[in-house]
Amino acid sequence: MIHVLVTAKDGQLGQCFQSLVVKHPNIQFVFKSSSDLDITNKVKVEDVFSAHSFDYCINCAAYTAVDKAEEATELADKVNHLGAQNIAEACKKFEVILIHISTDFVFDGERTAPYLEDDITNPLGVYGKTKLAGEQVIAKTLQRYFIIRTSWLYSEYGHNFLKTMLRLANERDEIGVVGDQIGSPTYAMDLADATLQIIASRNTSYGIYHYSNEGVVSWYDFAKEIFSLSNSSIKLNKIETKDYPTPAVRPKYSIMNTEKISQILDSKIPNWKSSLAIAMVNCIKSES
Ligand SMILES: NC(=O)c1ccc[n+]([C@@H]2O[C@H](COP(=O)([O-])OP(=O)(O)OC[C@H]3O[C@@H](n4cnc5c(N)ncnc54)[C@H](OP(=O)(O)O)[C@@H]3O)[C@@H](O)[C@H]2O)c1
């Protein structure tokens, strides 16, 4: 039996892990919510680790409000950097392998070819800077870690682009979505599945990895496919980033090269369109 701690069980990704438990009878999961385990509380983190004998910790906990982070700098750093440090130190002390989720926002989006794991980072905003600081402290503290950077996460759970578009399709006749930021949408269930493949295979090729669904789209293309799959008649207009100013600047190019992780997974990374279709069905099921 493999013993796994999952933090932030009620977040989008945490809920995906919970729904995959049945597929992994050889993994014994302990799920903790943000109130059971605040990762910024070093004593509490140690208590949880000492009360169990974990083989792995999957850290899904993060301060993810990208725009709010521009003001809430201290809180974002406390969770994404110092919280990651607490988790990494506990992993070191209790000899636990850490799987930590990070983001494409560690890059500035100025490249024109998919980002490799060792490309130079240069986050544009507070969220990306604090997530990068979290990555760096993990790499400094531990030898046995997987940092998985992902992008454009969505699912039937939590708050995300898919659910926002489905809601707006019911509320509005017309909507503008940016067409000049491109990336790879990632179904959080696919990311959770890939993470559990790494654990189940006891892979020891530690390091940084990139995981997103295959294919490249703009937010506009992504919205177009969502409205098409949901038979929505909403009028969709392509707008430019400059017409939709946000407190945090987003990378205009968020494509990551996923070859490295593909080599350690048992199954092929799904294409964004096929995963979106599955997520839509699951969204409808969870609403009914
Ligand atoms: N969403 C995306 O598009 C995206 C893209 C790239 C990477 N990522 C990364 O993917 C991971 C999962 O994201 P997600 O979409 O699942 O985010 P999410 O739905 O916002 O979940 C984040 C979770 O972290 C919890 N949390 C916040 N502060 C905490 C603390 N101090 N201690 C313990 N838990 C805490 C939150 O709990 P409360 O709600 O109770 O505060 C929430 O359950 C994160 O590392 C994120 O940076 C996300």
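Modeller: Start with a term: a salt bridge is a side-chain nitrogen of Lys or Arg within 4 Å of a carboxyl oxygen of Asp or Glu. Keep in mind that this is a predicted model.

Biologist: How many salt bridges does the structure hold?

Modeller: The structure holds 13 salt bridges. One of them joins Asp-193 to Lys-23, with the closest N and O atoms 3.0 Å apart. This pair links distant parts of the chain, 170 residues apart. Asp-193 sits in helix H6 (residues 188-200), and Lys-23 in the loop between helix H1 (12-19) and strand S2 (27-31).

Biologist: Are Asp-193 and Lys-23 buried or exposed?

Modeller: Buried means under 20% relative accessible area, and exposed means over 50%. Asp-193 has 18%, so Asp-193 is buried. Lys-23 has 52%, so Lys-23 is exposed.

Biologist: Which parts of the chain does the salt bridge of Glu-46 and Lys-93 tie together?

Modeller: The side chains of these two, Glu-46 and Lys-93, meet at 2.9 Å, N to O. Glu-46 lies in helix H2 (residues 42-51) and Lys-93 in helix H3 (residues 73-94), so the bridge ties together parts that are 47 residues apart in sequence. Glu-46 is partly exposed, with a relative accessible area of 24%, while Lys-93 is exposed at 53%.

Biologist: What is the N to O distance in the salt bridge of Asp-119 and Arg-111?

Modeller: For Asp-119 and Arg-111 the distance is 2.7 Å. Asp-119 is buried, at 16% relative accessible area, and Arg-111 counts as partly exposed, at 31%. Salt bridges can also share partners: Glu-240, Lys-242 and Asp-243 are joined into one network in this way.

Biologist: How many positive and negative side chains does the protein chain have?

Modeller: There are 29 positive and 35 negative side chains. The centres of the two sets lie 2 Å apart.

Biologist: Now the whole chain. Why does its radius of gyration agree with a compact globule?

Modeller: A compact globule of 288 residues would have a radius of gyration near 19 Å, and the protein chain has 18 Å, so the two agree. The C-alpha atoms fill a box of roughly 55 × 40 × 35 Å along the principal axes. Within the chain there are nine helices and 13 strands, and buried residues make up 53% of the 288 residues.

Biologist: What share of the contacts joins residues at least 24 apart?

Modeller: Among contacts between residues at least 6 apart in sequence, the share is 84%.

Technical notes
Residues numbered from 1 in each chain as written. Predicted model: local features only at pLDDT ≥ 70, side-chain atom pairs only at ≥ 80, totals over all residues. Heavy atoms only, no water. Helix = DSSP H or I, 4+ residues; strand = E, 2+ residues; numbered from the N terminus. Rg over C-alpha atoms; globule rule 2.2 N^0.38 Å. Buried < 20%, exposed > 50% of the residue type's maximum accessible area, 1.4 Å probe, protein only. Contact = heavy atoms within 4.5 Å. Lys, Arg positive; Asp, Glu negative; His and termini not counted. Charge placed at Lys NZ, Arg CZ, Asp CG, Glu CD.
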